[in-house]
Amino acid sequence: GRGGAGITGKLPSFAENTELHLLDLSSNTMTGTIPSDFLSGVKGDRFEMEVDISFNGFTGTVPAELNRFSKMKLTAIRTEITKVDEALCEMRDWWNGEVGIVA
């Protein structure tokens, strides 16, 4: 489903969700940083990972550990995230190679 479910608190790792490939947590009141083990239990790289954490109070850096996904669309509009780890800026199949570009 779409975001806006009234979810509060910190972002869980979702490490136990091995088949997850679409996660929409947009438009909630979640806070904190993206944990380094975020989505660590997802098996394989068969699908493009799509994550939307927009319109929340997340802070900090998008962690380098997400480079385990060769294809990802991570949307973080209107958050307090201040940096994308440099290792992720080299991911050619993330957002068609436009990671870190600010429009």
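**View 1. Four strands form an open sheet with parallel pairing, in the order β1-β3-β5-β7.** The model shown here and in the views that follow is predicted. At the edges of the sheet stand β1 and β7 (80–84), each of which pairs on one side only. When direction is ignored, neighbouring strands of this sheet are turned against each other by 25 degrees on average. Strands of a sheet pair through backbone hydrogen bonds, either parallel or antiparallel.

**View 2. Strand β5 (residues 57–62) and β7 run parallel and are joined by 4 bridges.** A residue to look for in this view is Thr 61, whose bridge partner in β7 is Lys 83.

**View 3. Strand β4 pairs in the parallel sense with β2 and also runs parallel to β6 (residues 72–75).** The pairing of β2 and β4 extends over 3 bridges, and within it Leu 22 has Glu 50 of β4 as its bridge partner. Towards β6, strand β4 is joined by 4 bridges, and here Met 49 stands opposite Met 72 in β6.

**View 4. Phe 14 and Phe 38 form an edge-to-face aromatic pair.** The structure holds 1 aromatic pair, and in this pair the ring centres of Phe 14 and Phe 38 are 6.3 Å apart while the ring planes stand at 75 degrees, so the arrangement is edge-to-face, a term that applies to planes over 60 degrees apart. Phe 14 belongs to the loop between β1 (8–10) and β2 (22–24), and Phe 38 to the loop between β3 (29–32) and β4 (49–52), so the pair ties together parts that are 24 residues apart in sequence. Both Phe 14 and Phe 38 are buried.

**View 5. The side chains of Glu 48 and Lys 73 meet in a salt bridge.** A search of the whole structure finds 1 salt bridge, and in the pair of Glu 48 and Lys 73 the distance from N to O is 4.0 Å. Glu 48 lies in the loop between β3 and β4, while Lys 73 lies in strand β6, so this pair ties together parts that are 25 residues apart in sequence. Glu 48 counts as partly exposed, at 27% relative accessibility, and Lys 73, with a relative accessible area of 28%, is partly exposed. Side chains of opposite charge can pair when their charged atoms come close.

Methods: Residues are numbered from 1 along each chain as its sequence is written. This is a predicted model: local features need pLDDT of at least 70, side-chain atom pairs count only at pLDDT 80 or more; totals for chains, interfaces and linings use all residues. Side-chain values use heavy atoms; hydrogens and water are left out. Rings of Phe, Tyr and Trp (its six-membered ring) pair if their centres lie within 6.5 Å; planes under 30 degrees apart count as stacked, over 60 as edge-to-face and the rest as tilted. Helices (H or I, at least four residues) and strands (E, at least two) are DSSP runs, numbered from the N terminus. Buried means under 20% relative accessible area, exposed over 50%, partly exposed in between (1.4 Å probe, protein chains only). Two strands pair if DSSP finds at least two bridges between them. Axes are lines fitted to C-alpha atoms, for helices over the stretch in contact, and angles run from 0 to 180 degrees between N-to-C directions.
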